[in-house]
Amino acid sequence: MLDKCIEKGPLTIRSASDLYLYDNTLKAIKVKGSVVKEWVEMSAGAFNTIDENSTAPQSLLNSAFAVYNFDVIDGIRYTIDVTKAAKYNPNGTVNNASSSRVKQITYNGKPLDLDQDFIVVTNNYRASGGGNFPGVKGSEMILDSQDENRQVLMDYISEVGTIDPSADGNWSLAPIWSNVNLTFTSSPDAAKVLPANMTDTGEKDIKGFGIYNLKLPVEVHLIGINDFHGQLDTVSTVSNKPAGTAAILATYLKEARAKHDNSLLFHNGDSVGASAPVSSLERDEPTIEWMNNMKFDVGSLGNHEFDQGVAALMTQLDGGVDPKDSNVTHAGTNFAYVNANAISIATGEPIIAPYVIKEVGGVKIGFIGLVTKSTPSKVSPAGTAGVRFLTPDEEVIAVEKYAKELQDQGVETIIVLAHDPASTKADVTTGEAADLAKALPADSPVDVIVAGDNHALANGVVNGKLIVQAYSYGTAFEDIKLLIDPLTGDVTSKSAVVTTTFQEGVTPDADTVALVNKYLEMHPELTNPVGTTDGTITRTDAYNNESALGNLIADAMLTADFGDGKGAADFAFMNPGGIRADLPKGNVTFGDLAKIQPFGNTLVKLTLTGAQIKTLLQQQWNVTSSGTADTKTLQISGLKYTANMYLPVAERLASLTLADGTPINPSQNYTAVVNNFMAAGGDNYKVLTEASASLAGPIDLDVFYAYIVKKFNYGAITAGIEGRINNNRVLQPTSTPSGNPGGIVTPTPTPTASATAAPSATPAPTATPAPTGDPVPSFNDLGKVAWAKEAIDSLTAKGIIKGFNDNDFAPLKNVTRAEFVTMLVRAMNLTDSGAASAFSDVKSNVWYTDSIAIAVKAGFVKGSGNGKFEPGREITREEMAIMVANALKGQLQPIDNSAALIKFADKANIAPYALEAVAQLTNMGIVSGVEAAKFAPKGIANRAQAAVIIYRTLQQVS
């Protein structure tokens, strides 16, 4: 037994002695499964027999049982029912031959075979018969070592280095379905580390041990996936290792369920849609059949379930002839689907059941379904015809309503399957699912929100709700562990583990292999090569720039025959979200092409004016209501353009021409090929709905396949970046002034934590640099930012900021992290730190090198994680606030953050680590909101805004 706690920190030889008190030596013996069973039956005598009908305190531990005779055997799983009489007395004699406390004993997920031989590693005391364990004495000795168990433990600790042990739950006490009062004794120090189902009575026994209460919860595991997208035979790469396919995923899921007595299997939307061809060619019936075979318990709707319309969705769920392909008859699902926020316009009610109740381990669990509120913009309008999606506020009301209905039916464990995006980075969870958690009351009965849609990792707690997401495509699954009070039904503990489905060492599930092969044999075309590639034709950065694969697809679209006798269209446009995979290196099959364009979209030829073409390109640069850029750069054929990305959207296009350089005439009619999703206004390309003429044509995949075969004749497939799209990220100055970057990279997603740490000692700001004496330029482009002119002129005169030339300041150009840091360092008049940069992406001897080193040393800013600073990433408004607040740390006073932020309608969007900074600067008048009383924390800051904030900061300092 332990005589003390092992504190956090370095481990010593004495620590190992504390963990293992005796000088036993290592042994291994061979025994039958029947002996293993009786071994743990003997150990189960460590507990008293508990009277289920008594409410008086009952001591759990049998004081007559020697603690060193309580053995736990790793490698098997079992529960101990302490309401049954012990089979053995403490001395090994039989107490009750007909009794058995050990229940549900399994090995490798299957019932323990009592005739199977097992090797059990133990110590010399037990192997020689010590403790009188039945059947152990006289067993065949397999390993007769003289190594002390204590030394083995020390060697293990030395090899591992840092240990963080946790109970793996291979044994547990079975729940007691009555209100018993269980007590047990342990060290008084145990009070510091009690789990949720234990409490300290505050009393001690005569030996000085603390007395504690124990509740025996029901342990339930919710095993789930999200965004599977019918990837039945798709091998993904995770950490440079193969992962996924349905057969591998099935093995993991079955093994996970087998480990736990009480489990439910769920999926959280987008199980179908954008699927691999082996599924999509049969209208996703193969994926639904697989889920039925896997015995899923519950599922929710994702946006892709709406891809082919509500009628098709209902047929997949309920069975019947598919309305899109009469050759496919759906069997329907054998498990419940739930959704509470997709509302029938005709009835005003959810289109399917809003929730379902499942009972497992004697407890009831309620599942409420939600789908992302962005569904209408992600799906063709025809796909959501007749459906209204609740607003965020309505969604919260609906969840609370249905949670109350569940409680009225005796359900206290409530899970929301919300196909809403969420991500956890640096222990901070953000996204729509996190917003939902924040919007729900802190005492809401909702325990867990499962996220989806953005194919990310989420595993964190927000406002008391556990939020979990497990990537996508079957490359991972989540195991949500719940401890539930069997009397009240309340969750007493919740946690989750997300496991990657690496293929190495895993045997594919035979039933799934057979199912997938059955459908592959129905479509031999999926495995026939149509050409080869060198692996460079990818969709890399297609959301922001021209890509090789985007060019190839757009070129193919341009060749589509619409049967109108008018030849090829003038232009083709492909939305980046519709390009779902890359062309693989080596042989390319029809199946590979189908993975790239899996939707089965129809191509549409539209008649548009040159002015509408310009509007279409402007609509690809969308901005969300929170001010965050939502760019979806169209992949194009038949034209080219140059865009000055630092200018407002309306002024961004600098040139727009045909491929041969002929300017596009705003008043002239042109024909353009798009897919039916875009033609209906999907992805914000709303101008396409205003076309003067529209003609439906062939399926996009058919056109893509025919183009590849005809152009490359089953040989090498080639495509590249040709300069069709030229995005200027920075206004090129006539002469590069000091401190101005030579280029700016495309913005990447804002990190969840950046520049958050307070400096250990913030230097007091000193006077700003005196004017240089050079003539102060008069900028001609400040007309639209008159509110910033005073700040810009003042900082320019002080040499803190500069224009791009004598006439242009480019006030609306976005600011990078490196640029803002440089402005702040100049404003604070800080000098060279003499410290080299520790960031892998900060080059030496460039314009921002010293500024970043100075700012880091001063505590203004930190890196963005993984040893990087991201100097070229455009800075968000909340990041800018954090840096300034860190610079003013010595002047900040305690304030009421909520009161300071009350004027911002979007205050819930401010990252938790930025709340204090934004509140402080708002209170000091340094930052203010944007239009509609919003702060737009994730919005990108421009040069004019940065100048005003630096100017106000200097006023505060002075």
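1. Leucine 552 in this predicted model has contacts with Ile537, Leu583, Phe704, Tyr707, Ile708, Phe712, Ile717, Thr718 and Ala719, once residues up to four places away in sequence are set aside. Leu552 is also one of three residues, with Leu253 and Trp290, that touch the most other members of the largest nonpolar core, a set of 72 residues. Helix α13, residues 548–558, supplies the largest share of this core, 8 residues.

2. How do α13 and α17 cross? Their axes come within 9 Å, at an angle of roughly 95°. Because angles of 65 to 115 degrees count as roughly perpendicular, α13 is roughly perpendicular to α17. Helix α17 spans residues 700–712.

3. The residues that make this helix contact can be named on both sides. From α13 they are Leu549, Leu552, Ile553, Asp555, Ala556 and Met557; from α17 they are Val703, Phe704, Tyr707, Ile708 and Phe712. By class, the contact of α13 with α17 has 10 nonpolar residues, no polar ones and 1 charged.

4. Strand β1, residues 25–32, is joined to β6 by 7 bridges, and the two run antiparallel. Within this pair, alanine 28 stands opposite valine 121 of β6.

5. Which helices pack on the sheet?

6. Serine 271 is placed in the loop between β15 (263–268) and α6 (277–280). Is this serine buried or exposed? Its relative accessible area is 1%, and the cut-off for buried is under 20%, so serine 271 is buried. Neighbours within four places in sequence left aside, serine 271 is in contact with Phe228, His229, Gly230, Thr287, Met291, Glu305 and Tyr337.

7. Two backbone angles deserve a look. Aspartate 453 has a phi near 85°, which is positive although the residue is not glycine. Aspartate 453 is in the loop between β27 (446–450) and β28 (457–462), and its relative accessibility of 14% makes it count as buried.

8. The other is tyrosine 473, also not a glycine, with a positive phi of about 60°. Tyrosine 473 is found in the loop between β29 (465–470) and β30 (476–484). With a relative accessibility of 17%, tyrosine 473 counts as buried.

Conventions:
Residues are numbered from 1 along each chain as its sequence is written. This is a predicted model: local features need pLDDT of at least 70, side-chain atom pairs count only at pLDDT 80 or more; totals for chains, interfaces and linings use all residues. Side-chain values use heavy atoms; hydrogens and water are left out. A nonpolar core is a set of buried Ala, Val, Leu, Ile, Met, Phe, Trp, Tyr and Cys residues joined through side-chain atoms within 4.5 Å. Buried means under 20% relative accessible area, exposed over 50%, partly exposed in between (1.4 Å probe, protein chains only). Helices (H or I, at least four residues) and strands (E, at least two) are DSSP runs, numbered from the N terminus. Contact means heavy atoms within 4.5 Å. Two strands pair if DSSP finds at least two bridges between them. Axes are lines fitted to C-alpha atoms, for helices over the stretch in contact, and angles run from 0 to 180 degrees between N-to-C directions. Angles under 35 degrees count as roughly parallel, over 145 as roughly antiparallel, 65 to 115 as roughly perpendicular and the rest as oblique. Ala, Val, Leu, Ile, Met, Phe, Trp, Tyr, Cys and Pro count as nonpolar, Asp, Glu, Lys and Arg as charged, and the others, Gly among them, as polar.
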